[in-house]
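Please find below a note on the model under review. The points are numbered so that each may be taken up separately.

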Amino acid sequence: MTPADHDAAADAEALGRLREAHVAAVNRGDLNGWIGLFAEDGVQMPPQSRANVGRPAIKEWSRGFLSSFRVEFALFVDEVQVTGDWAFERGAYRIIRAPKGGGMPHQDVGKYITIYQRQAGGAWAIARSIWNTDQPPPIAMR
């Protein structure tokens, strides 16, 4: 194994742990655990919402989301590419959101891209996160 192979394997393993921590934090409703995975200048781009730039904005949006729903969340990775201190991941997601105030759970499936950046000290963080649904838009009633 060459040093480059070792680094690639270590990076893939570190990104896998980060992804698992992301999914676990969302499923636990752990706001600080979720937000702590983002770079300080990270950008979160949820569907049908403005971009959240920086941890404070990401925390504000995520707090509202987690306070409204109990979540069952999963990621299905299709591709991971690492180039130096940047990496991207492409895949699909499934999420079931159960309103905490009562009501029927809602399932959504869609696709995502996450861009990671190696931070000072070598740890990876989420630099950009975007996802959107595969569900068709609701049809207006006549």
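The points below pass from the chain as a whole to single residues and residue pairs.

1. Basis of the note. The model is predicted, and local features are reported at a pLDDT of at least 70, side-chain atom pairs at pLDDT 80 or more, while totals for chains, interfaces and linings use all residues. Residues are numbered from 1 along each chain as its sequence is written, and side-chain values use heavy atoms, with hydrogens and water left out.

2. Secondary structure. The protein chain has three helices and six strands; helices (H or I, at least four residues) and strands (E, at least two) are DSSP runs, numbered from the N terminus. Read from the N terminus, the order of elements is α-α-β-β-α-β-β-β-β.

3. Extent and packing. Along the principal axes, the C-alpha atoms of the protein chain fill a box of roughly 65 × 30 × 25 Å. The chain has 142 residues, of which 35% count as buried. Here buried means under 20% relative accessible area, exposed over 50%, and partly exposed in between (1.4 Å probe, protein chains only). Among contacts with a separation of 6 or more, 49% come from residues 24 or more positions apart; a contact means heavy atoms within 4.5 Å.

4. Surface and charge. The protein chain exposes about 8600 Å², and 56% of that area is supplied by carbon and sulfur atoms. Accessible areas come from the Shrake-Rupley method with a 1.4 Å probe, and for residues only the protein chains shown count as cover. The 16 positive and 16 negative charges have mean positions 10 Å apart. In this count Lys and Arg are positive and Asp and Glu negative, with His and the chain ends not counted; each charge is placed at NZ of Lys, CZ of Arg, CG of Asp or CD of Glu.

5. Salt bridges. A salt bridge is a side-chain nitrogen of Lys or Arg within 4 Å of a carboxyl oxygen of Asp or Glu, and by this rule there are nine salt bridges. Asp-11, Asp-85 and Arg-118 are linked in a network of them. Another salt bridge joins Arg-28 and Asp-30 at 2.8 Å, N to O; Arg-28 is exposed at 56% relative accessible area, and Asp-30 is partly exposed at 25%.

6. Strands 3 and 4. The side chains of Arg-90 and Glu-79 form a salt bridge of 2.9 Å, N to O. Arg-90 lies in strand 4 (residues 86–99) and Glu-79 in strand 3, so this pair ties together parts that are 11 residues apart in sequence. Arg-90 is partly exposed at 36% relative accessibility, as is Glu-79 at 24%.

7. Asp-134 and Lys-111 meet through their side chains in a salt bridge of 2.7 Å, N to O. Because Asp-134 lies in the segment after strand 6 (124–133) and Lys-111 in strand 5, the pair ties together parts that are 23 residues apart in sequence. Asp-134 is partly exposed, with a relative accessible area of 45%, and Lys-111 is partly exposed at 38%.

8. Gly-110. This residue lies in strand 5 (residues 106–118) and counts as buried at 2% relative accessibility. Beyond its neighbours within four places in sequence, Gly-110 is in contact with Gly-91, Ala-92, Tyr-93, Asn-132, Thr-133 and Asp-134. Its C-alpha atom is 8.9 Å from that of Ile-95, a residue 15 positions away in sequence.

9. Nonpolar patch. Val-77, Val-80 and Val-82 make a nonpolar surface patch of about 170 Å². Patches are made of residues with over 30% relative accessible area and no salt bridge; like charges are joined within 9 Å and nonpolar side chains (Val, Leu, Ile, Met, Phe, Trp, Tyr) within 5 Å. Val-82 is placed in strand 3 (residues 69–83) and is partly exposed at 33%.

10. The loop between strands 1 and 2. Gln-48 is found in the loop between strand 1 (38–45) and strand 2 (52–53). Its phi is near 55 degrees, a positive value in a residue other than glycine. Most residues other than glycine have a negative phi. Gln-48 counts as exposed at 87% relative accessibility. Pro-47 lies in the loop between strand 1 and strand 2 and is partly exposed at 30%. Leaving aside neighbours within four places in sequence, Pro-47 is in contact with Trp-131 and Asn-132.
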